[in-house]
Amino acid sequence: MTDPNLSKIFMQTLIEDLKSSKIYTDLQNAAQIEITKPGVRLSELKKGVQAGLIHSYETKVTIPSNTTRTYQRTPSLSQKSSEPKLQYPVTPPEHAKEPLLYLRKAQHAWEKRILKSLNSMCTELNIPLARKRPEKEQKEMNSKWTELGVEGPDLTQIRPVYAPKDFLEVIVGIQNPNYHGDNNGFFPLWGIVQVPVKVKSINLLRLQYSEMAINQCQSGIDDSTDIPSELFDLDRIVNANHGPVAQEFSKKGCPSGLRATLWAQMLCVEVDDVDKLYYEQLKTSVLNHDLLVDSLLYKDVKLTATNDDQYFVFEDFLYQVLLPFSRDTFVLNHFSQNSATPPKSYIRGKLGVEEFSVLYPPNGVIPFHGFAMYVAPLCYLYNDPVILYYVFREIYTRYFYRLHSISSHHQGIVALSLLFEVLLQTHEPELFFHLKTVGCQPLKIAFKWLVRAFSGYLSSDQVLLLWDRILAYNSLEILPVLAVAIFSFRKTNLLKVQSYNAAEAVLADLTTLQVIPLIQLSLFSK
Amino acid sequence: MDWIWAGVQSIRNVFSIDSGYRLTDDQVINHFPNHVELTRKDLMKDENGRFIHLDFIPLTFMLPADYNLFVEEFRKNPNTTWIMKPCGKARGIGIFLVNKLSQLKKWSRDTRGIGIFLVNKLSQLRKWSQKTNFTPPTSKDTYVISKYIDNPLLIGGKKFDLRLYVLVTSFRPLKCYMYRLGFARFCTVKYNASVNELDNMFVHLTNVSIQKQGEDYNAVHGGKWTVQNMRLFLEGTRGKEVTDKLFDEINWQTVHSLKAVSGNISNDRHCFECYGYDYIVDDNLKPWLIEVNASPSLTSTTSSDRIMKYRLMNDLINIVIPLVRCLSDVRWNKIPQKEHLGYFDLLFDEELAQQDALNMDKKLGPGGMVRGRKDGSRPSPATWK
């Protein structure tokens, strides 16, 4: 920000943004109270009010320090509305979403395919995309809001729109038109991802994750020995209520008792009355309208979490998060950095007429098989559905949306898949070659892990330890690192397999793994 | 070394004087001669034949024998719900919740059904007592009635209880171990304390054999959630301190309940016992000991259940049969090496605790603490701490 013009624009945007925030109104109210106080002279109005504000408002001004951090986030991940519209150079909005044309096209084609299958399901089963619920039904649903799992809609005909497997096929099919397609070209990759995106080398990753080195104490492994003096520090960290501090601390993992607080701090989630009201509004819109995506979400929960011996107890929480989520138009904001575009639907009889288009579903996210697993691990931290909701929404719009849209971003699923393949090739060439020869491309197994951020594959405590690192390092790159580590760890058995099914069987049960030592092993021991 | 896994009847035969059978020095068996002491619902009593009155066991009476005592108590707290269970039956057979005496009346009419009972009106009970009155209290017809924990901790809106496995290798001195892989059993239906739901056993009873009959029963997980998951959830949502306190209390309660009966058990060195302890946690995170089973079900309902029970058996054998050859005799000191414990944690070893106390006395003079030491140098600590 050396250009004075630029910083001016930034300042303006920031001020605009602050004006619409809650601190602004709070401060304004406080200032008005200050003015009415006796002892404030007209001639020194500004000074007096400022002094009064600082004096009486000191505590409140320090508390929202975390809120201000919303504006300090790394630009790569959160070019929210706060990113000012610069006068120059003008980038077309679709470039901001995804600079590479062929990836943009691939994403577009993929979206069309999803929408088509959604529409064909509608026609096939003769159910509308949306319908208003009759009054009686609304009341009934409201009365059993906390036990929606008991009598859900009829789901026998509903099937998930797509599964990670279908998505992998699309990614494998992407070709860079600037390269010659033959295998003897100058970009020969052993793996199946053929998109030349730049990925980090192991040395860069080592630097990035240096706090995870073996000589550093990690929560969840080394914390059996209590050190009372550290407890003191912990309190200070928690009380600071400052995202970056929480992040720095969490790089070595969160203690299970403080994880809920630390995550909320890292994600800048502070639920106030306005948020509660907003959630109630979302709930009302769920009660008012029945959407086809509801059935998809129901079906997904029934197929995944309900049958999972770690998450089944949270079934009802999942509906209370996922259904309102589908109605939340705030989620649309993240599409400014997502290569995906929210799908459109048209009011009956007005197909193709732009004025009659609506975004469908309202939040623009069509759930796929396993979507509910993004929420499930969070249920171990938050017992209140409202907080659970906001934490999930923040994690999704910061990180997880990248796991199911095609982009060249270094944390997009394409780059993560490639990173996995490259790391495995470089560090376990023998294993990679063996698996490739017996017809089992490693990514075919690992892809579903990556798309779900390992949720549902690892045991619940391990998922939380892994997600600690996603939030703390502000990066999804830990996922392929772990995937490689798992392959290395089961190498002996994998080298013996002669078929895809056998390899899959070796890697079918990951619930016994301890993720942090595994990651340390593959990052730092070679 | 031989080991015998016997049912209740075989145990009786083995230990009966008439059979003339004596266990040899290299044989161990899975029950104590009078192992029912702690476990039959009507036998959780002390040396004087009274129910063990510990503040972590819900207030309990025998019916019809203690009827008058019960009525007295009932009048003190008329709005309490009571749970009635037949003696000597397991898996939720014949349990009722009673909160109106009229319900008890009804029960006495069609009594031979399955019946869990919640009582909260005395008239029901009186009627029942008149009807069954003063028939000699054979174990077949006797019931225990205990205060119902009507504020259980709910997770996901549902009630659950804990099934924990406790291995006892000796009662005098007491040596017991807690298994880490216990589980919580969930009801399939949302909990509702209202009186209308007293008859709905899917709300109140967590027994898998009951829940299995419900239409919402899920055969993949069988409503079982591991204790580790529960711990993770409690630490995440309530904090580590209270969670640790809860599990510490559970451990102490287990030790105390064993201590309370240890005088009554004929402590045979050929014997060991694997108890199934059932706890209910209330919404203040206080654990309540509900029941102790001497022959906990070892059949499995799900695949993870099977894995867990295999492990349980494996770890149990490693503890009761010394792995060191020269110790292959029941007279060994029954202090297994730490690395042979598997998923078992030492709960309490009286022998070691006494040694500790002696050492402590030497060091500190009289009044040294037995509990809560923080001395890492000792090879085998006497408790789980």
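The model is predicted, with local features requiring pLDDT of at least 70, side-chain atom pairs counting only at pLDDT 80 or more, and totals for chains, interfaces and linings using all residues. Residues are numbered from 1 along each chain as its sequence is written, chains are lettered from A in the order in which they are written, and side-chain values use heavy atoms, without hydrogens and water.

Let me begin with chain B. It has 10 helices and 15 strands, taken as DSSP runs (helices H or I, at least four residues; strands E, at least two). Of its 385 residues, 54% are buried, meaning under 20% relative accessible area with a 1.4 Å probe, protein chains only. Among contacts (heavy atoms within 4.5 Å) with a separation of 6 or more in chain B, 66% join residues 24 or more positions apart.

I turn to chain A. In helix α12, residues 243–250, the buried residues are Gly243(A), Ala246(A), Gln247(A) and Ser250(A). Viewed down the axis of α12(A), these buried residues fall within an arc of 100°, so they line one face of the helix; the arc is taken from the directions from helix axis to C-beta atoms.

Next, a helix pair. Helices α9 (residues 164–173) and α20 (residues 442–451) of chain A pack at about 115°, their axes 10 Å apart; axes are lines fitted to C-alpha atoms over the stretch in contact, and angles run from 0 to 180 degrees between N-to-C directions. Residues making the contact include Phe167(A) of α9(A) and Phe447(A) of α20(A).

Finally, an unreviewed UniProt entry annotates residues 371–392 of chain A as "transmembrane region"; such annotations may be inferred rather than shown by experiment. Over residues 371–392 of chain A, the chain is 36% helix and 0% strand, with the end C-alpha atoms 12 Å apart.

Note on methods. Buried means under 20% relative accessible area, exposed over 50%, partly exposed in between (1.4 Å probe, protein chains only).
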